[in-house]
Amino acid sequence: MDRYAAGYSAAEQKLSGLEDDQSSIYYPTVFLFIGDEAGHAIEPMIYSNELKWDNNAGVIYFHVASSETNASVEMGNPSKPASSYREGKTGQSAPKVMRAALTGIAEGQDDNRTRRKDIGAAFYAEGRYLALLNRALRQVSDTIADFGRLYSSFDRLHLAVITRVDDPLNVLVPEISLLAQSIFLQLFKSVQMDLYVLINEREQSETFGYASAAGVSFLRELDGMQSPDYSFSARLQVTGDGLSIPVVHKPSPLFDLVYVLSDRNERGITTLNGMQDNYEIICHILLLKNRKRKDAQVQSNDVSYNNSSFKNSLMAESGRQGYVSAGLAKVKRPNYSIALTVLYHFFKEMKARLQSVPDPGTKEKLAFFGLDMAATEARLAELVPSEDNLADMTGLLTSGIRYEQLRRMSLREAEEALFSGGCAAFFRKHFTSTAEERLGYVKAGEELRRTVNRNMQERPQISFYQVSEWTDEKNEAGSALEAVRARKRDLVREIDLAGEELERVREIRVEDLKFQRLPFMDKQNLRSFIRVFFETVYRQQWQLLRLETELALYRRFASELELLHEGHRKRVEQMAALAEELKTASLQSIRSADDYIGQNIFDYYERVTGDVVKDIEEKRGASAFFEDRLLGSVTRLLEQEDHVFVERLIDICRKHILTAEPFAQTFEEELLLRANVSVAYSNRKALSRDELFHLLYRTLEDNAAIHIRLLDYTHEHRYEEKYLFGDRESEFIRYALGVDETTRIYKLGCVHEKRSSGVEKLNIMGGFHLEDLMYYRNGKVYYETYLQNGYEFHTIHPSLLPELR
């Protein structure tokens, strides 16, 4: 079920995503990943940008790693198959992923005591690293120029530097960033350079203490890089002839803005998808800062992002610039929950049809099991020798006694005098024993199951629900089992009466029998008596045998009906358990849908599924779903295993239910239809349109919590801006932009995109400083301890580092 729901969700997201209006980035963009750990962000960011940016093919992803094995791809030659990096919608080639492996720079640096410092020293000591970086970055610059036609302007380059706070290679962030900037400035009039610092707090359990100390060492250096008087000068550019050229950074912060993103949000809670969420946040920030505005938005009065205004809002009175963090929330059509909810309701529809057969009369039920009067008479005719065979008894030898001697005897005495037990022996051998022998060959269970299976095939509307109900002893009113038991009780009474009647007849005197007697014709009278005797006594004996055989038959079939009931009752219980399991899965998915409000999903899709099922039945026939090409025999499916039946249900849902027109709704359409579903007044869980919009708005806000934890949630310099990504004309976006419009203390804007797959919200918050970070406060203790124990983290002299705050 999980594979089915996840598969449907992914397919729908891809389908609706293809219909979304993509944005374009205005200026060329380069993502510069520094360090081995930063390489993990490359493929997720490629995928995100492919979906969002129509000119993503011109974006360059440049990775600087410590070795060949730690680099994500070969320079200009992806190590993954081309299909891993899907072709952009512009028809251009796959995104350009390049790398520079500083092979050997970390070799021999296994000792954490000086590893970070030694990497910095090795970078300057061996000229090959600078030469390698120069060649690679110039190749990046050339590649950007090849894709210049994809951009609206080629005046500026956006350079996004990404590193992990605890990666030792980030000791080279100033050198690599400034070298890249200096080379790109030969092609562009300006380079806007931002730094994205990733903090992975969950992974520090194995390197407890040291990772925090290394992270704080980089943050301390970063505090210096972002100071207003930070300057840098080194001979970083290298020509083809090996000549070096100085790269100079005049006093000012190194990066335009610094974003700090952790895998724990400002509430201290681990984010839903960990670092994956941060990778997507970076892509959204780049789009916000470097987006080509559409004509419709240029003409509107929408609030748009202004980088200079935002940056100025982060400046403290001392001139110290604050850091930035962000949070991202996405809401989309709840396809996972829809898939499981539709599966349950489709199951329920099929279950209702299996149960809804009109209740026939008792005769029809007995006929279904092959236990009606006609079937029973046919069985008895095969089991009990024919009544006509009684004529053979007239050939039995008599004792020679005269009729006159029998006249005053009872029929019992006369039989003994004439045949000396020969009649009883003959009847027992040729009638009673034959019937018993034939009865022994009767396999009531097999016969009953064969009859039921045949009738269920001929009448597919009858299922195990009816068989279970019709064989249930608790169902006194309409149970075939109860009818059989009633017949058994009748037979017992009939047998008792027949036995008593036979005994009474045997006591009749011979002379009281009615038959023709002729004077002086003793032999003739004897023959006449014998004929009447057999017709009177043994015909009744035969009828008694027939009743006893019928009773024995019914006893066998009654036992088999009880066994049959147990088997079909288990199918009924199996269906009940499946119903509960499917319902639980549906409700749990609705409750746990963090990216969507789940109200009304269950009620709304109950109606939608029911309507689709009825529509298919109207077109294909009432029993369409129980034909072999769809469900076929539910009993046979259940006999195999639950998952076989569920897989068949899933297949029908996937091919025939979820593909129906009512499911082809955009996020907005689905939301409004679900919000407006009419429900019973007593159902207080159902929400109105405004209530649903309000909860959706609150969910977006809650899930867009900032991805960093600060000591003071409402710190003095906190400044926030929030942006919705979606269709500006949609009802929900208009609602969201109007909420708290007069009272909100933050800037709220909309990035207009014609999209049907969902809505996203990006919250950006800045103004905090190094000492405001919980990560810094907790790691500072470890940093100082490691320093006191001889660890060295920095290549620059300690006196040049900013003071620990």
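Modeller: Happy to! Helix H19 gives the most to the lining of the largest cavity, with 4 residues. Helices (H or I, at least four residues) and strands (E, at least two) are DSSP runs, numbered from the N terminus. Before going further, please keep in mind that this is a predicted model: local features need pLDDT of at least 70, side-chain atom pairs count only at pLDDT 80 or more, and totals for chains, interfaces and linings use all residues. Residues are numbered from 1 along each chain as its sequence is written, and side-chain values use heavy atoms, with hydrogens and water left out.

Back to the cavity. The lining consists of Leu-371, Thr-376, Arg-379, Glu-550, Leu-553, Tyr-554 and Phe-557. By class, the lining holds 4 nonpolar residues, 1 polar and 2 charged. Here Ala, Val, Leu, Ile, Met, Phe, Trp, Tyr, Cys and Pro count as nonpolar, Asp, Glu, Lys and Arg as charged, and the others, Gly among them, as polar. The space in this largest cavity is about 30 Å³, and the count of cavities of 30 Å³ or more comes to 1. For the method: on a 1 Å grid over the protein atoms alone, a cavity is a set of points where a 1.4 Å probe fits but cannot get out, and lining residues have an atom within 4 Å of a point. Grid points are joined across faces, edges and corners, and the volume is the space filled by probe spheres set on the points.

Now for the charged pairs. The whole structure has 30 salt bridges, each being a side-chain nitrogen of Lys or Arg within 4 Å of a carboxyl oxygen of Asp or Glu. In one of them, Arg-116 pairs with Glu-221, with 2.8 Å between the closest N and O atoms. This pair links distant parts of the chain, 105 residues apart: Arg-116 sits in helix H3 (residues 115-125) and Glu-221 in helix H6 (residues 210-225). Arg-116 is buried, at 2% relative accessible area, and Glu-221 is buried too, at 9%. The cut-offs are under 20% relative accessible area for buried, over 50% for exposed, and partly exposed in between (1.4 Å probe, protein chains only).

A local pair comes next. Arg-493 forms a salt bridge with Asp-490, the closest N and O atoms being 2.2 Å apart. Both residues lie in helix H18 (residues 480-506), 3 residues apart, which is about one turn of the helix. Arg-493 is partly exposed at 48% relative accessibility, as is Asp-490 at 29%. Elsewhere, salt bridges that share partners join Asp-223, Arg-320, Glu-771 and Arg-805 into one network.

Arg-320 is buried, with a relative accessible area of 15%, whereas Glu-771 is partly exposed at 26%.

On to another loop. Gln-665 lies between helix H22 (642-657) and helix H23 (667-675) and is partly exposed, at 21% relative accessible area. Leaving aside neighbours within four places in sequence, Gln-665 is in contact with Arg-333, Glu-670 and Leu-673, where contact means heavy atoms within 4.5 Å. Gln-665 and Arg-333 are 332 residues apart in sequence but 8.8 Å apart in space, C-alpha to C-alpha. Glu-661 is also found in the loop between H22 and H23, and at 69% relative accessibility Glu-661 is exposed. From Glu-661 to Val-612 is 49 residues in sequence and 8.7 Å in space, again C-alpha to C-alpha.

To close, the wider setting. The protein chain has 26 helices and 12 strands, and 54% of its 805 residues are buried. Of the chain's contacts with a separation of 6 or more, 83% join residues 24 or more positions apart.

Terms used. 1 Å grid on protein atoms, 1.4 Å probe; cavity = no way out; pocket = protein on both sides within 12 Å on 5 of 7 lines; lining within 4 Å.
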